[in-house]
Structures are given as C-alpha cells and as structure tokens.
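Dear colleague,

I am handing over the structure we spoke about, and below it you will find notes on what turned up when its side chains were examined. Please read them with the structure open beside you.

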Amino acid sequence: QVQLVESGGGLVQAWGSLRLSCAASGSIVSIGTMSWYRQDPGKERELVAAITSIGKTSYADPVKGRFTISRVNAKNTIYLQMNSLKPEDTAVYYCNASVTSRIGVPALSYWGQGTKVTVSS
C-alpha cells in the first residue's frame, strides 16, 4: 500500500505565496512522474504541474512563471512553490504519483487526500 500526504495549504491574500508538500510512503520500489492537480467545486480536476523522476517539469499555462514544482527523490517528496497567487488559484490541490511497488508489476497511480488553498482578493 502507498500513501501520499499533502500539506501546506491555507488562506492567503492575492499576490501572496504558499508552498505545498507531498510525501509518498509505504511499499515503494520506484516512483515515476509526480504531479499536482487542482479541483474547484463543480469543475473537473486539472493538471497544474508535473515532474518526472529525472526532474523534467511541465506546467499548465495559467500557472507558468508563477508556480515551481520540485522533487527530492531521496525523500519521495515533491513541492509546489506558488507565487503571485490569484483568487482563481483557489481550489483543493491534489498530489498524484505513479508508483511501482513490486518489481515486474506495472506502476499504479495514487492520489493524496488533497489540501485546500484559498486566495482572497
């Protein structure tokens, strides 16, 4: 079993910053791509940023230049540094990871429980 635990959400004023963390634990042989998604009530979950096991990053257009995803493989942890936050960034942010738990068995996708980010105007 694999667990992803997010932390770092909260309430911040517009143009402020927050740093989210997501730590994976449990039965882990290797972790592939790790990602941050977000979801507003009534909307579909959307990809915010992703980082591969070798550190290649990608971002959704609305957050480019403001958010930075990073990763510490030794800790099975990713971070999302969010700067210049806007009210439209308000959402529940979820961590996702592609995890191999047994050699020879395909990787599975795991989700964290989410952490809420609220940006006030």
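The torsion about the S-S bond that joins Cys22 and Cys95 is about -75 degrees, so this disulfide is left-handed. Please keep in mind that the model is a predicted one. The sulfur atoms of Cys22 and Cys95 lie 2.0 Å apart, and a search of the whole structure finds one disulfide.

Turning to the aromatic side chains, the structure holds one aromatic pair. Tyr37 and Trp111 form this pair, which is edge-to-face, with 4.9 Å from centre to centre and 65 degrees between the planes. This pair, too, links distant parts of the chain: Tyr37 is found in strand β4 (residues 30–39) and Trp111 in strand β10 (residues 108–111), 74 residues apart. Tyr37 counts as partly exposed because its relative accessibility is 21%, where buried would mean under 20%. Trp111 is likewise partly exposed, with a relative accessible area of 38%.

Finally, there are charges placed over rings. The charged end of Arg19 sits over the ring of Tyr79, at 4.1 Å from the ring centre, while the charged end of Arg45 sits over the ring of Tyr94, at 3.7 Å from the centre of that ring.

Notes: Residues numbered from 1 in each chain as written. Predicted model: local features only at pLDDT ≥ 70, side-chain atom pairs only at ≥ 80, totals over all residues. Heavy atoms only, no water. Phe/Tyr/Trp six-rings, centres within 6.5 Å; stacked < 30°, edge-to-face > 60°. Helix = DSSP H or I, 4+ residues; strand = E, 2+ residues; numbered from the N terminus. Buried < 20%, exposed > 50% of the residue type's maximum accessible area, 1.4 Å probe, protein only. Lys NZ or Arg CZ within 6 Å of the ring centre and 35° of its normal. Disulfide = S-S within 2.5 Å.
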